[in-house]
Each structure stands twice: as structure tokens, then as C-alpha cells.
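Hi there,

Here is the model I promised to pass on.

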Amino acid sequence: MSGEVLTSHDSIHVRIKRRRQTVFLLCYPTQPVGVLYQKVATVMNKDRSDIRLLKANLILQEEASLRAQNIGNGEIIGLVFKVEGKEEFETPEYESLPGDAAPTNTGAAGTDGATGAAPPVEPEGASSTAAS
Amino acid sequence: KPLSLGEATSNRRLAAKLRPSSTSSVQQRSEFDFAVSRVRNMASSSSASPPEEEFDYLKLISAEGHEFFLDKKIAFGCEMIRTMFDGEKSHSFTEGQTGAINFQTINSRLLEKVIQYLYYKHKHTDSREAIPDFEIDDEIVLDLLLVANYLHQ
């Protein structure tokens with residue numbers, strides 16, 4: 001059993017969102033969420049302790065696996081940074097793209113009556129643009 | 001006025017009686033055992049480990065300025081992107097240095113769909129099992145087709 005390596009077929013991806021950024025990460029359900037924390041910290045150029053990953057307002061635990069915390073393929077995960085100079089974290093908020101089929105409704109507002117909740121941003125014009 | 005110990009205890013016993021599981025506790029128990037054994041099985045099969053891979057990423061920027069980060073090797077599933085970073089012509093693209101591509105003609109919704117497709121492609125390429133359909137909303141089908149055509153060049 002040991003020494004077996006998972007293949008791309010076992011992989012999933014997650015979409016980690018904050019404001020107008022989305023980090024797609026390739027991952028595996030048995031991996032600890034700490035792997036996501038590590039990679040997001042790298043991409044965002046932040047200390048690990050200065051970021052938090054949220055699913056439906058629950059803080060994801062680094063030691064537990066993705067599967068254990070019910071993170072499925074394509075799942076949207078909220079990302080928040082620690083507010084500079086304080087011990088608290090910002091309110092979760094991300095630009096919701098039309099057609100987001102998030103299995104769990106993490107929504108744009110992280111907390112009830114949160115300020116700065118980003119309403120879905122419609123693209124300019126009715127028809128989406130593509131290469132001419 | 002706080003309940004007496006007797007009252008509190010009898011309240012608790014009453015609450016326990018009223019809980020639905022109390023009438024089918026045997027069934028609940030066996031379901032629980034089954035769940036536990038499933039978790040144990042998953043844990044033992046999870047001794048298979050993900051491949052050791054370096055983490056490398058690219059940034060793709062939509063027409064509206066939404067920034068998408070994705071694993072580089074997944075991005076290379078798109079021939080155009082691969083050419084910019086990996087091919088013999090890569091030195092002639094500034095993106096090769098910046099690690100970012102500005103897609104000024106592709107909106108956020110479409111670009112996100114493209115990236116989702118690249119992960120889908122990575123997951124299901126060379127799969128021995130039936131491959132699920134890649135879901136696309138009707139309203140973006142035609143535009144996505146144009147984008148796909150553009151990126152394939």
C-alpha cells in the first residue's frame with residue numbers, strides 16, 4: 001500500500017478567492033489543508049500566519065485533510081488577510097463571477113450584515129467579448 | 001431562579017428521551033460503526049501520496065483586471081501559453097519574464113471557465129474511466145468557442 005503515488009485522475013482543484021483575485025490550486029483530497037495555506041502564502045507573498053482560508057465562514061484547519069473538511073472539486077474558498085497592525089482579520093469579500101457554481105454558498109458576504117460585501121459584478125455590456 | 005439538581009437532571013432525562021435517535025439507537029449505532037469503518041478504510045488507502053511536485057504558477061489577467069493564478073503545468077495545457085513560457089520562442093515574449101499574461105479580450109467569466117477546463121483536462125487525460133462532461137452554461141457557449149479557437153492558435 002505504501003509507496004503508491006496518486007495520479008492526476010485523483011486530483012482536484014480549488015478556487016481561492018479574495019476581492020478581484022482567484023488562486024486556482026491543484027490538490028488531492030487526502031492532502032492536509034496546510035498545503036493550500038502554504039501555496040497561497042507563496043502566491044500572495046504573505047506570512048502563513050497572516051492569512052486565513054474560509055469555507056462557509058468556517059476557518060479551515062491546516063492539519064485536517066481537504067476531504068475531511070468537505071472540500072470538493074472546484075470548491076470556492078474565501079481568503080482573508082490579517083488587518084495590518086491588528087490581530088483581527090478582514091471581512092471576507094470576493095468578486096462573484098456570474099455562473100459561479102459553488103457547491104456551498106460561501107457568498108460575497110462573510111458575516112451577517114458585513115460591510116463591503118461585493119455584489120456580483122456583471123461584465124461590461126450584455127455580450128461577453130472574445131478575440132475578434 | 002435556577003433549577004434544582006433534581007429538576008435539571010430530570011429535564012435532561014426527558015430531553016434524551018425526546019431525541020429522535022433514542023428510538024432507533026440500535027440502527028444509529030450500526031450506521032455509526034459503518035461510518036467509522038469507512039473512515040478507517042479511507043485512512044488506510046490514503047497512504048497513497050500525492051506526487052512530489054514543485055509549485056510553480058502563472059498569472060492570467062482578464063479584460064476587467066481580475067487576476068487568476070494557476071499551476072504552471074496546468075496552464076501549459078494551453079498551447080499558446082506554453083509557447084510563451086516554454087517553447088523555443090519563449091524568449092521573444094515579455095510574459096516569459098513577468099510570469100503574467102494580460103488577456104485584454106477575454107472577460108473574467110470566460111477566463112475562469114477556461115482555467116477550469118485546463119484543470120479538467122489535466123484530471124481526465126489518459127483516464128481509464130468514463131470522463132464526465134465539462135459543464136458549460138448555454139449563454140457562454142458561443143463566446144467560449146471563440147476563446148478556445150483563439151487560444152489554440
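**Strand S5 of chain A and its neighbours**

In S5(A), A:Ile77 is the bridge partner of A:Ile16. Before going further, some ground rules: this is a predicted model, where local features need pLDDT of at least 70 and side-chain atom pairs count only at pLDDT 80 or more, while totals for chains, interfaces and linings use all residues. Residues are numbered from 1 along each chain as its sequence is written, chains are lettered from A and ligands numbered from 1 in the order in which they are written, and side-chain values use heavy atoms, with hydrogens and water left out.

S5(A) covers residues 75-81. Helices (H or I, at least four residues) and strands (E, at least two) are DSSP runs, numbered from the N terminus. S1(A) pairs with S5(A) in the parallel sense over four bridges, where pairing requires that DSSP finds at least two bridges between the two strands. Strand S3 of chain A (residues 51-55) runs antiparallel to S5(A), and four bridges join them. Here A:Arg52 stands opposite A:Val80.

How many residues of S5(A) are buried? Seven of its seven are, with buried meaning under 20% relative accessible area, exposed over 50% and partly exposed in between (1.4 Å probe, protein chains only). In a regular strand the side chains alternate between the two faces of the sheet. In S5(A), A:Glu75, A:Ile77, A:Leu79 and A:Phe81 point one way, A:Ile76, A:Gly78 and A:Val80 point the other way, and all are buried.

**Helix H1 of chain A**

H1(A) is mostly covered too, with eight of its eleven residues buried. Those eight are A:Gly34, A:Leu36, A:Tyr37, A:Lys39, A:Val40, A:Ala41, A:Val43 and A:Met44. After the helix comes A:Asn45, which has a positive phi, near 60°.

**Where chain A meets chain B**

Each chain puts 40 residues into the contact, that is, 40 from chain A and 40 from chain B, where contact means heavy atoms within 4.5 Å. Together the two chains bury about 3600 Å², and 57% of this is on carbon and sulfur atoms. Buried area here is the accessible area (1.4 Å probe) that two parts lose on being put together, summed over both. Which three residues supply more than any other three of the area that chain A buries against chain B? They are A:His9, A:Phe24 and A:Leu26, with 19%.

The rule finds 18 residue pairs in polar contact across this interface, both residues being at pLDDT 80 or more. A polar contact is a pair of N or O atoms within 3.5 Å; within protein, one must be able to donate a hydrogen and the other to accept it, and residues adjacent in sequence count only if both atoms are side-chain atoms. Strand S1 (12-18), strand S2 (21-27) and helix H1 (34-44) of chain A each supply at least two residues of the side that touches chain B. S2(A) gives the most, with six residues. By class, this side of chain A has 16 nonpolar, 14 polar and ten charged residues. Ala, Val, Leu, Ile, Met, Phe, Trp, Tyr, Cys and Pro count as nonpolar, Asp, Glu, Lys and Arg as charged, and the others, Gly among them, as polar.

S2(A) also pairs with strand S2 of chain B (residues 67-71), in the parallel sense and over three bridges. Within that pairing, A:Val23 stands opposite B:Phe69.

**Salt bridges**

The whole structure holds 13 salt bridges over all chains, a salt bridge being a side-chain nitrogen of Lys or Arg within 4 Å of a carboxyl oxygen of Asp or Glu. Across the interface of chain A and chain B there are two. In one of them, A:Lys17 meets B:Glu112, with the closest N and O atoms 2.8 Å apart. Why does this pair join two chains? A:Lys17 lies in strand S1 of chain A and B:Glu112 in helix H6 (residues 108-124) of chain B, so the bridge runs from one chain to the other. Both A:Lys17 and B:Glu112 are buried. A:Arg15 also forms a salt bridge with B:Glu112 (3.4 Å, N to O).

Elsewhere, B:Glu53 and B:Lys73 meet at 2.5 Å, N to O, in a salt bridge. B:Glu53 sits in the loop between helix H2 (25-45) and strand S1 (57-61) of chain B, and B:Lys73 in helix H3 (residues 72-75), so the pair ties together parts that are 20 residues apart in sequence. B:Glu53 is partly exposed at 41% relative accessibility, and B:Lys73 is partly exposed at 39%.

Best wishes
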